Amino acid sequence: MSAPADNGVGTGVRAPKRARIAERTLRTDRWWLQPLLTVLGLSAFIIYATVRSFVRTAYWVPDYHYLTPFYSPCLSTSCVEGSSHFGHWFGDLPGFIPLGFVVLPFLLGFRLTCYYYRKAYYRSVWFSPPACAVAEPHAKYTGETRLPLIIQNVHRYFFYVALIVSLVNTYDAITAFHGKTGGFGFGLGNIILLGNVILLWAYTLSCHSCRHVTGGRLKHFSQHPVRYWIWTKVSKLNTRHMTLAWTTLGTLVLTDFYVMLVASGAISDLRFVN
């Protein structure tokens with residue numbers, strides 16, 4: 001039986017004209033496990049990335065030109081010698097400003113406004129809703145029409161910056177093919193850096209905004225065969241956007257951690273050539 005309409009504004013299973021269920025949920029499975037794992041995973045990355053972005057140590061390996069993506073591009077005179085691939089745009093920076101401050105806010109904005117990440121933290125952090133058939137704790141829902149969630153609408157512009165950053169990371173990965181005695185060199189670090197860049201490109205290009213930019217506004221695909229072909233490839237990649245979102249968090253941590261170990265002298269890079 002349906003309950004009478006409420007005067008207030010409800011959402012989810014508490015919305016007006018929905019069947020009245022007194023319990024928070026009738027589910028008996030462990031529906032809370034996935035939101036919990038999401039919170040733990042995102043929190044672990046945020047803590048690690050924040051600490052590494054501010055410590056200013058062990059981010060550059062001069063022998064092999066390994067630069068962690070958390071410090072790229074390094075454009076300040078505070079950067080260690082050799083790590084500024086694009087020169088010094090700024091003078092010395094105080095300790096409370098990370099050396100990668102030029103792009104970190106945009107990358108953070110790109111991730112935060114990502115369609116998949118919205119789904120992840122809306123459900124797991126904001127509980128809107130935490131799972132199917134589970135009541136959410138909010139009395140009303142205004143969507144992405146007011147601050148701060150209205151900022152989600154600029155995701156496309158963060159995507160454009162992410163493309164530039166991906167190019168920078170690609171340059172870093174190519175530059176890292178450097179031997180200890182000069183010339184060409186190749187080691188385990190190069191495999192890690194290159195693998196991270198490839199996956200970052202895959203995540204960036206699988207973005208919903210990329211799919212819309214390439215063909216979302218076309219009315220006649222037959223008149224734009226090249227853009228249609230690109231759109232179909234991006235659409236296939238888009239189906240793996242969630243997987244790539246999590247995978248790239250892992251590869252970013254792995255890449256930074258490996259560079260940190262080599263730069264600090266904790267381990268030696270496994271070299272194959274020079």
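**Helix packing**

Author: H1 and H8 cross in a left-handed way, meaning that the near helix is turned anticlockwise from the far one by less than a right angle (clockwise would be right-handed). Helices here are DSSP runs of H or I with at least four residues, numbered from the N terminus. This is a predicted model, where local features need pLDDT of at least 70, side-chain atom pairs count only at pLDDT 80 or more, and totals for chains, interfaces and linings use all residues. Residues are numbered from 1 along each chain as its sequence is written, and side-chain values use heavy atoms, with hydrogens and water left out.

Reader: At what angle do the axes of H1 and H8 cross?

Author: Roughly 35°, and the axes come within 11 Å. Axes are lines fitted to C-alpha atoms, for helices over the stretch in contact, with angles from 0 to 180 degrees between N-to-C directions.

Reader: Which residues in H1 meet H8?

Author: Thr38, Gly41, Leu42, Phe45, Tyr48 and Arg52. Their partners in H8 include Trp246, Asp256 and Met260. Contact means heavy atoms within 4.5 Å.

Reader: New topic: which residues of H7 are buried?

Author: Trp231, Thr232, Val234, Ser235 and Asn238. Buried means under 20% relative accessible area (1.4 Å probe, protein chains only).

Reader: And what covers the buried residues of H7?

Author: The cover includes helix H5 (188-205), helix H6 (208-216) and helix H8 (241-263).

Reader: How much helix is there over residues 243-267?

Author: That stretch is 84% helix and 0% strand, with its end C-alpha atoms 30 Å apart.

Conventions: Buried means under 20% relative accessible area, exposed over 50%, partly exposed in between (1.4 Å probe, protein chains only). Helices (H or I, at least four residues) and strands (E, at least two) are DSSP runs, numbered from the N terminus.
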